[in-house]
Amino acid sequence: MNLSYRVYHVFIRNLYSYKRFVVSTFLVSLIEPLFYLITFGIGMGAYMGLFGGQSYLHFLVPGVLVSSVMMSSTFECLYGTFVKMVHERLYDSLIATPVSAEDAVAGDIAWGAFRGLISGGLMMLVAMAMGVLPVSIPSVLLILVLMVFVGVLFASLAMIVTSVSPSFDFFNYYTELIITPMLFFSGVFFPLDKFPAWMKSLAAFMPLTHAVNISRAVFSGQYHARIIWNFLVLFVLEIAAFSVGVRMMKKRLIK
Amino acid sequence: MSAFIAARGLTKKYGDLVAVDGISFDIPEGECFGFLGPNGAGKTTTVRMMHCVSPVTSGTLTVDGMPAHIDNRAIKMMTGVIPQEITLDPDLTVQENMVIFARFFDIPKREARPRIDELLKFVELEAKRTSKIDQLSTGMKRRLLVARALLNRPRLIVADEPTTGLDPQARHLIWQRLRQLKAQGATLILTTQYMEEAQQLCDRIVIMHQGRILREGLPQTLIEDEIGREVVEIRIAKEEDERLVRELGPFARGHERVGDPLFFYCRDGHDIMRKLVELDLPNTWTRPATLEDVFLKLTGRGLIE
């Protein structure tokens with residue numbers, strides 16, 4: 001794998017282009033969490049008892065934070081990368097410079113993770129404004145680190161999909177059949193305890209489940225041994241997804 | 001001195017399709033070398049292997065002594081590419097396109113700024129600095145591609161059909177700029193379908209067809225060897241061919257019937273013209289032989305899809 005510091009150049013290119021969309025994406029990133037937190041958190045939460053001694057909103061926030069990271073980084077590396085690759089032919093001019101195909105793809109993965117961090121970070125601000133706060137300052141920082149970690153994972157997974165996608169339509173399979181179900185089966189909106197055993201084991205195969213578990217532990221400061229397992233699963237998956245995603249994209253870019 | 005670029009048995013396959021079929025050539029530094037050929041002849045594939053964006057299937061290809069390879073950053077570092085397609089960054093302005101590209105080549109900001117100014121001036125785009133790419137005309141976009149390709153002060157410039165789709169003014173401006181670069185010592189690799197472009201710019205050319213090199217040489221020598229100096233064109237019914245060839249053949253080096261006209265290729269058109277006057281044929285004219293005649297003779301006149 002021919003990776004170098006030039007990943008950073010590609011990231012900066014994306015930052016330049018982002019200047020034009022920053023207001024609209026910030027608005028979207030702020031409105032989306034409000035929608036989740038108000039409808040589910042306050043609206044639905046009003047009909048629910050306490051979750052482990054706290055309101056439903058407190059239960060909801062840590063999961064929603066990582067799932068918004070998932071959504072942003074996934075979409076960035078599906079649609080964003082596809083446009084750059086097929087419509088704008090940006091990769092073609094990139095790989096004719098000392099920037100390698102691996103640098104270019106990794107730069108886009110880093111960018112996808114950054115977009116995830118922005119979405120998650122804004123959502124955390126909204127949650128904090130609504131009085132749902134992580135337990136301590138270090139836990140705020142840890143949550144931000146977790147967001148980047150989760151962002152790289154889902155950006156890499158999306159790259160794999162993008163590398164084999166003939167058109168935009170193909171992305172629907174991934175988002176509708178994998179990403180959306182993941183949102184509902186990963187314990188973001190309700191605990192998984194009451195699920196039948198097979199559903200629980202299914203959830204164990206979903207990366208988001210592990211991310212939500214970690215997020216909840218970091219948010220509340222109540223760590224338990226299981227999150228080591230959660231972290232290991234994500235870590236291994238992330239390494240695998242990154243190297244497969246970069247390699248498959250390279251195969252598509254270089255003919 | 002060994003060649004700046006050397007290819008031996010260079011081959012490129014895409015699955016079963018052989019795009020470049022075992023070609024060999026040497027290009028000394030400072031030369032303008034042209035690849036001519038119809039669509040699908042393998043010109044673009046060949047130059048893409050040279051500037052290291054497409055892997056070599058077999059054979060060898062070296063640039064400045066280094067093997068051309070997809071991960072050879074050293075070759076990419078000294079190469080400027082003017083691509084066939086407009087691959088400017090549409091999300092950025094003219095200036096930003098240059099700034100970002102300079103970054104890709106690790107050019108420090110302090111050096112990049114004056115160089116960008118100078119290059120935008122060179123292609124007459126200073127006034128468009130803050131324009132977005134979609135506000136530019138095709139000619140301006142092509143000029144910006146030229147400026148962008150020069151950011152790293154390349155020793156090797158690869159121009160893949162650099163004037164496709166341009167009006168004559170813009171085309172001449174690009175030609176002038178390319179000639180200037182060559183005068184400054186850069187090696188220039190050009191692919192083109194425009195014979196005039198090749199004649200204007202190239203020291204040496206190869207004519208490619210179906211992945212192979214058919215001829216190599218100086219444009220003028222190729223014309224004289226293959227065609228002669230002049231071409232006599234006669235619009236006449238096919239039935240007359242036999243008689244005309246009998247009458248005019250001795251004065252020509254060769255003849256060819258292509259649909260409507262009958263061509264005679266000759267070293268000197270005078271004798272044939274005198275004969276034509278005798279025969280009193282309408283619809284005849286004589287013109288200098290061009291590279292286009294060579295090209296069509298060698299690559300055939302059928303449409304190549």
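Residues count from 1 along each chain as its sequence is written, while chains are lettered from A and ligands numbered from 1 in the order in which they are written. Because the model is predicted, local features need pLDDT of at least 70 and side-chain atom pairs count only at pLDDT 80 or more, whereas totals for chains, interfaces and linings use all residues.

**Stop 1: the domains of chain B**

Select 5-223 of chain B for domain 1, then 228-288 for domain 2. These bounds come from an automatic or database domain assignment. The C-alpha centres of the two domains lie 40 Å apart.

**Stop 2: where chain B meets chain A**

Show the contacts between the chains. Here, contact means that the C-beta atoms of two residues, placed from the backbone, lie within 7 Å. By that rule, 23 residues of chain B are in contact with 21 residues of chain A. Now pick helix H2 (73-77) and helix H3 (94-104) of chain B: these are the elements that give two or more residues to this side of chain B. Helices are DSSP runs of H or I with at least four residues, strands are runs of E with at least two, and both are numbered from the N terminus. H3(B) gives the largest share, four residues. Colour this side of chain B by residue class: 12 are nonpolar, three polar and eight charged. Ala, Val, Leu, Ile, Met, Phe, Trp, Tyr, Cys and Pro count as nonpolar, Asp, Glu, Lys and Arg as charged, and the others, Gly among them, as polar.

**Stop 3: a helix pair in chain A**

Select H3 (residues 56-87) and H5 (residues 101-129) of chain A. Their axes are 8 Å apart, and the helices pack at an angle of about 145°. Axes are lines fitted to C-alpha atoms, for helices over the stretch in contact, and angles run from 0 to 180 degrees between N-to-C directions. H3(A) passes H5(A) in a right-handed crossing.

**Stop 4**

Switch to cartoon and follow the order S6-S7-S8-S3-S9-S10 in chain B. These six strands form an open sheet with mixed pairing. Two strands pair if DSSP finds at least two bridges between them. S6 (79-82) and S10 are the edge strands, each pairing on one side only. Neighbouring strands are turned by 15° against each other on average, direction ignored.

Two helices pack on this sheet. H6 (residues 168-183) of chain B touches S3, S7 (156-160) and S8 (187-192), and its direction makes about 150° with that of S8(B). H11 (residues 291-299) of chain B touches S3, S9 and S10, at about 30° to the direction of S9(B).

**Stop 5: strand by strand**

Start at S6(B). It runs parallel to S7(B), joined by four bridges. Val81(B) has Val158(B) as its bridge partner in S7(B). From S6(B), Thr79(B) and Val81(B) point one way, Gly80(B) and Ile82(B) the other, and all are buried. Buried means 20 or more other C-beta atoms within 10 Å of a residue's own, exposed means 12 or fewer, and partly exposed lies in between; C-beta atoms are placed from the backbone.

Next, take S3 (residues 32-36) and S9 (residues 204-209) of chain B, a parallel pair with four bridges. Gly34(B) stands opposite Ile205(B), and Phe35(B) has Val206(B) as its bridge partner.

Met208(B) is partnered by Ile213(B). S9(B) and S10(B) form a hairpin with two residues between them, and Gln210(B) in the turn has a positive phi of about 50°.

**Stop 6: single residues**

Most residues other than glycine have a negative phi. Select Arg89(A), in the loop between H3 and H4 (90-94) of chain A. Its phi is positive, near 50°. Arg89(A) is partly exposed because 17 other C-beta atoms lie within 10 Å.

Go to Asp64(B), in the loop between S4 (58-63) and S5 (66-67) of chain B. Asp64(B) also has a positive phi, about 50°. With 18 other C-beta atoms within 10 Å, Asp64(B) is partly exposed.

Finish at Pro261(B), in S13 (residues 261-266) of chain B. Which residues does Pro261(B) touch, not counting those up to four places away in sequence? They are Glu233(B), Ile234(B) and Arg235(B). Pro261(B) has 16 C-beta neighbours inside 10 Å, so it counts as partly exposed. From Pro261(B) to Phe35(B) is 28 Å, C-alpha to C-alpha, and 226 residues in sequence.

Technical notes. Left-handed = near helix turned anticlockwise from the far one by under 90°.
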